[in-house]
Amino acid sequence: LRYEAKAPASERPSAGGVAHPTVKPLDLMRWLVRLVTPPGGLVLDPFAGSGTTAVAALAEGMNCILMEAEPEYNEFLRKRFNLNRRDEWAEMLGLSD
């Protein structure tokens with residue numbers, strides 16, 4: 001693991017030309033989820049932001065639950081996970097019919 005103070009440009013999603021201010025390096029987050037979560041476990045991220053923790057969890061074969069209180073960050077999450085419609089969110093969450 002090599003420490004980097006912030007994520008490289010390639011890992012910094014933007015929405016409307018604005019990048020999220022505190023994107024974490026993906027390698028760091030992958031290491032952290034492996035450190036604290038059992039294989040196949042569930043990662044809870046109550047401050048989802050741009051979704052780096054979710055990307056790390058999914059890459060490590062884990063499930064994740066994201067929460068975000070700031071509505072403007074939802075655009076970052078939609079872009080990062082290619083979810084453009086409310087029904088896609090519902091399907092991802094298992095809420096669709």
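Analyst: We'll go from the overall fold to the core, then to the salt bridges and the surface. Keep in mind that this is a predicted model.

User: Okay, how many helices and strands are there in the chain?

Analyst: The chain has 4 helices and 4 strands. Along the sequence, their order is β-β-α-β-α-β-α-α.

User: And how much of the chain is buried?

Analyst: Of the 97 residues, 29% are buried. The chain exposes about 6500 Å², and carbon and sulfur atoms supply 55% of that area.

User: What share of the contacts join residues at least 24 apart?

Analyst: That share is 43%, taken among contacts between residues at least 6 apart in sequence.

User: Let's go inside. Which residues make up the largest nonpolar core?

Analyst: The largest nonpolar core has 7 residues: L26, M29, V33, V43, A56, A57 and M62. The largest share, 3 residues, comes from α1.

User: Tell me about α1, then. Which of its residues are buried?

Analyst: L26, M29 and V33 are the buried residues of α1. They sit on the same side of the helix, because they cover an arc of only 60° around the axis.

User: What does the face turned away from that buried side carry?

Analyst: That face of α1 carries D27 and L35, both exposed. As for the buried residues of α1, their cover includes β3 and α2.

User: What does M29 touch?

Analyst: Leaving out residues up to four places away in sequence, M29 touches K24, T52, T53 and A56. M29 and V55 are 26 residues apart in sequence, and their C-alpha atoms are 8.7 Å apart in space.

User: Switching to α2. Which residues are buried there?

Analyst: Helix α2 spans residues 52-59, and T52, T53, A54, A56 and A57 are buried in it. Their cover includes α1, β3, β4 and α3.

User: What follows α2?

Analyst: G61 follows α2, with a positive phi near 80°.

User: New topic: charges. How many salt bridges does a search of the whole structure find?

Analyst: The search finds 2 salt bridges. In one, the side chains of R30 and E60 meet at 2.6 Å, N to O. That pair links distant parts of the chain: R30 is in helix α1, E60 is in the loop between α2 and β4, and they are 30 residues apart.

User: Which residue does R34 form a salt bridge with?

Analyst: R34 forms one with E60, and the closest N and O atoms are 3.0 Å apart. R34 is in helix α1, 26 residues from E60 in the loop. Together, R30, R34 and E60 are linked in a network of salt bridges.

User: Last one: which residues form the nonpolar patch on the surface?

Analyst: L42, L44, I65 and M67 form the patch, with about 380 Å² of accessible area together. L42 lies in strand β3, residues 42-45. L42 counts as exposed because its relative accessibility is 53%, and the cut-off for exposed is over 50%.

Note on methods
Residues numbered from 1 in each chain as written. Predicted model: local features only at pLDDT ≥ 70, side-chain atom pairs only at ≥ 80, totals over all residues. Heavy atoms only, no water. Patch = residues over 30% accessible without salt bridge, like charges linked within 9 Å, V, L, I, M, F, W, Y side chains within 5 Å. Areas by Shrake-Rupley, 256 points an atom, 1.4 Å probe, with all protein chains shown as cover. Salt bridge = Lys/Arg side-chain N within 4 Å of Asp/Glu carboxyl O. Helix = DSSP H or I, 4+ residues; strand = E, 2+ residues; numbered from the N terminus. Buried < 20%, exposed > 50% of the residue type's maximum accessible area, 1.4 Å probe, protein only. Contact = heavy atoms within 4.5 Å. Arc of directions from axis to C-beta. Core = buried A, V, L, I, M, F, W, Y, C linked by side-chain atoms within 4.5 Å.
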